[in-house]
Amino acid sequence: MAVEDYISEKGVVFAASVSSKKRALELLSESLAKQTPALTKNKVLDALLAREKLGSTGLGKGIAIPHCRLDEIEKIYAAMLKLDTGVEFESTDGRPVNFLFCMVVPENAADEHLQLLSSLAKRLANDQVRQSIEKCDHAKCLCDLLCDSTGHLAS
């Protein structure tokens, strides 16, 4: 599964800090809405907030993978947000989140969605990967980090 099919440097956002989980999701929604005319910031934000009400997408160890399904799109779109200061995200370990990989998925892409979620979760569970994310200070660094040398998501 090639990560560049879902993310590019233009989908990466850096912020010193945000005031809330909602503000982090707003930044990601803005980035996603810029990627296709089929999406609006409010549509994406509403869907992400609705998904979060079902249970936090904070995995722990400073990582969250917010995601939602939308019927307006035909392919997966993704964005990443790296924060200098973590934000409360109701993560499983109670720690603040400082790296978010967000995706919006077509209603009919359940298998692809689950495969991408699983691959990302495995990759981001790696201590070395998380430490490297903390050191990244530009979009290319983050994009390269989530890809192996062949451009496929490492597992």
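Helix H1 passes helix H2 in a right-handed crossing, a crossing being termed right-handed if the near helix is turned clockwise from the far one by less than a right angle, and left-handed if anticlockwise. Helices (H or I, at least four residues) and strands (E, at least two) are DSSP runs, numbered from the N terminus. The model is a predicted one, in which local features need pLDDT of at least 70 and side-chain atom pairs count only at pLDDT 80 or more, while totals for chains, interfaces and linings use all residues. Residues are numbered from 1 along each chain as its sequence is written, and side-chain values use heavy atoms, with hydrogens and water left out.

H1 (residues 21-33) and H2 pack at an angle of about 135 degrees, and their axes are 8 Å apart; axes are lines fitted to C-alpha atoms, for helices over the stretch in contact, and angles run from 0 to 180 degrees between N-to-C directions. The two helices, H1 and H2, are therefore oblique to each other, given that angles under 35 degrees count as roughly parallel, over 145 as roughly antiparallel, 65 to 115 as roughly perpendicular and the rest as oblique. On the H1 side the contact (heavy atoms within 4.5 Å) is made by Lys-21, Lys-22, Leu-25, Glu-26, Ser-29, Glu-30, Leu-32 and Ala-33, and on the H2 side by Lys-41, Val-44, Leu-45, Leu-48, Leu-49 and Glu-52. By class, the contact of H1 with H2 comprises seven nonpolar, one polar and six charged residues, where Ala, Val, Leu, Ile, Met, Phe, Trp, Tyr, Cys and Pro count as nonpolar, Asp, Glu, Lys and Arg as charged, and the others, Gly among them, as polar.

Confidence was examined by element. The protein chain averages a pLDDT (the predictor's confidence in each residue, from 0 to 100) of 87, and 92% of the residues score at least 70. Where pLDDT is low, the predicted coordinates should not be read in detail.

Leu-83, in strand E5, is buried, with a relative accessible area of 1%, buried meaning under 20% relative accessible area, exposed over 50% and partly exposed in between (1.4 Å probe, protein chains only). Neighbours within four places in sequence aside, Leu-83 is in contact with Ala-15, Ala-16, Ser-17, Val-18, Val-97, Asn-98 and Leu-100; the C-alpha atoms of Leu-83 and Val-97 are 8.1 Å apart, at a separation of 14 residues in sequence. Ile-73, in the loop between strand E4 (67-70) and E5, counts as buried at 5% relative accessibility. Its contacts, again leaving aside neighbours within four places in sequence, are with Ala-38, Leu-39, Val-104, Val-105 and Pro-106, and Ile-73 and Leu-39, 34 residues apart in sequence, are 7.7 Å apart from C-alpha to C-alpha.

The loop between E5 and E6 contains Glu-88, which is partly exposed, with a relative accessible area of 48%. Residues up to four places away in sequence not being counted, Glu-88 touches Lys-21, Gly-94 and Pro-96, and Glu-88 lies 6.8 Å from Ser-20, C-alpha to C-alpha, although the two are 68 residues apart in sequence. Glu-90 is found in the loop between strand E5 (77-87) and strand E6 (97-106) and counts as exposed at 54% relative accessibility. Glu-90 has a positive phi of about 55 degrees although it is not a glycine. Lys-61, in the loop between strand E2 (58-60) and strand E3 (63-64), likewise has a positive phi, near 55 degrees, and counts as partly exposed at 44% relative accessibility. Most residues other than glycine have a negative phi.
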